[in-house]
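Welcome! Please take a look at the sequence and the 3D structure below, and keep them at hand while you read.

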Amino acid sequence: MGIKPLEKGTLWHRVVRTTEHALTSGALRSFPTVHAFIEDGGVRFFVRVLASLREKSVARTKQDLDPFLPPEQDLTVADITDTHVAVLNKFNVVDHHLLIVTRHFEDQDSLLTLLDLEALWLCMAEYDGLGFYNGGREAGASQQHKHLQMVPLPLAPAGPPVPIAPLLQGLGQIAAPGTIPAFSFLHSYVRLRPNIADTPREAAIETFELYTAMLKSVGMNAPGTSPLTRQSQPYCFIVTREWMLLVPWSREHIEDISLNSLAFAGSFFVWSDQQLDRLKAVGPMHALTAVTLSARR
């Protein structure tokens, strides 16, 4: 098909070079933020606050056409595999925010496949990042064309690379679906073997099996014989080189604050100082609980 798979050791350079070009051409809209920290439940949550609400409102305007068929040339970073391409997030608040997009249309409400995870791990083997999947619009997905996402670590300028890391200390090796004691809502957590990113294709096979077990552990449909099994519940899925977290959702918002997967890693995004004040009043831990399901069902 004339597609050259991603060359090892080149992705970060491609991300940086494409970002510089896309900013110059105007294809990439990067929105400045200020940040704050909120201490809650043993976590120092990181919160980005938009400096310009008006511009982000424009960015969130619904697009009738699929922006990934084809993706904008100026935003396209690299071919990852025959099935996936790496594209910059056109409207970003996190620098070097990468989208891992299926080359042909697949629905964001369909469960992840082995090919999805292979594309993700080929990217995560290149540089340390946090991969995530917003499973459906009710879980923060802004586009219906299936795409995983990856942002570089650390998520915050101070503290651990992933803000919820203090909650994971002392949990030990969890090779089967378990839970994080500090989270009262329904979820599934696993610890990955050391250096798993060194062998991305093997990592994809291992984590696909774990992902299937995690879905079952929270009572959700798991991938079946159909290549595109539809999810039974909105959910978020987070992957690092050390662990994975899966959380079923009940809704996207608490009051007027929209959440996505990054919130469960300890990184929130709000549109204004007023929303920041409301998040402080509610508490980030309560916000996470409000959009999820009770662990006692």
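## Strands and how they pair

Helices (H or I, at least four residues) and strands (E, at least two) are DSSP runs, numbered from the N terminus. Two strands pair if DSSP finds at least two bridges between them. This is a predicted model, where local features need pLDDT of at least 70, side-chain atom pairs count only at pLDDT 80 or more, and totals for chains, interfaces and linings use all residues. Residues are numbered from 1 along each chain as its sequence is written, and side-chain values use heavy atoms, with hydrogens and water left out.

## A hairpin and its other neighbour

Let us begin with S2 and S3, which make a hairpin with two residues between them. In the turn, glycine 41 has a positive phi of about 60 degrees. The two strands, S2 (residues 33-40) and S3 (residues 43-50), run antiparallel and are joined by eight bridges. Isoleucine 38 sits opposite phenylalanine 45 of S3, and valine 34 has valine 49 in S3 as its bridge partner.

S3 also pairs with S15 (residues 267-270), this time in parallel, through four bridges. Here valine 47 has phenylalanine 268 of S15 as its bridge partner. Is S3 mostly covered or uncovered? Seven of its eight residues are buried, meaning under 20% relative accessible area with a 1.4 Å probe and protein chains only.

## Two nonpolar cores

A nonpolar core is a set of buried Ala, Val, Leu, Ile, Met, Phe, Trp, Tyr and Cys residues joined through side-chain atoms within 4.5 Å. The largest one has 51 residues, and Leu98, Trp121, Tyr235, Phe237 and Leu246 have the most contacts inside it. Helix H3 (residues 114-124) gives the most to this core, with seven residues. Apart from it lies another core, of 47 residues, including Leu50 and Ile257.

What does leucine 98 touch, leaving aside its neighbours within four places in sequence? Its contacts (heavy atoms within 4.5 Å) include Leu11, Val15, Val77, Cys123, Tyr127 and Met150. In soluble globular proteins, nonpolar side chains tend to be buried together.

Terms used
Buried < 20%, exposed > 50% of the residue type's maximum accessible area, 1.4 Å probe, protein only.
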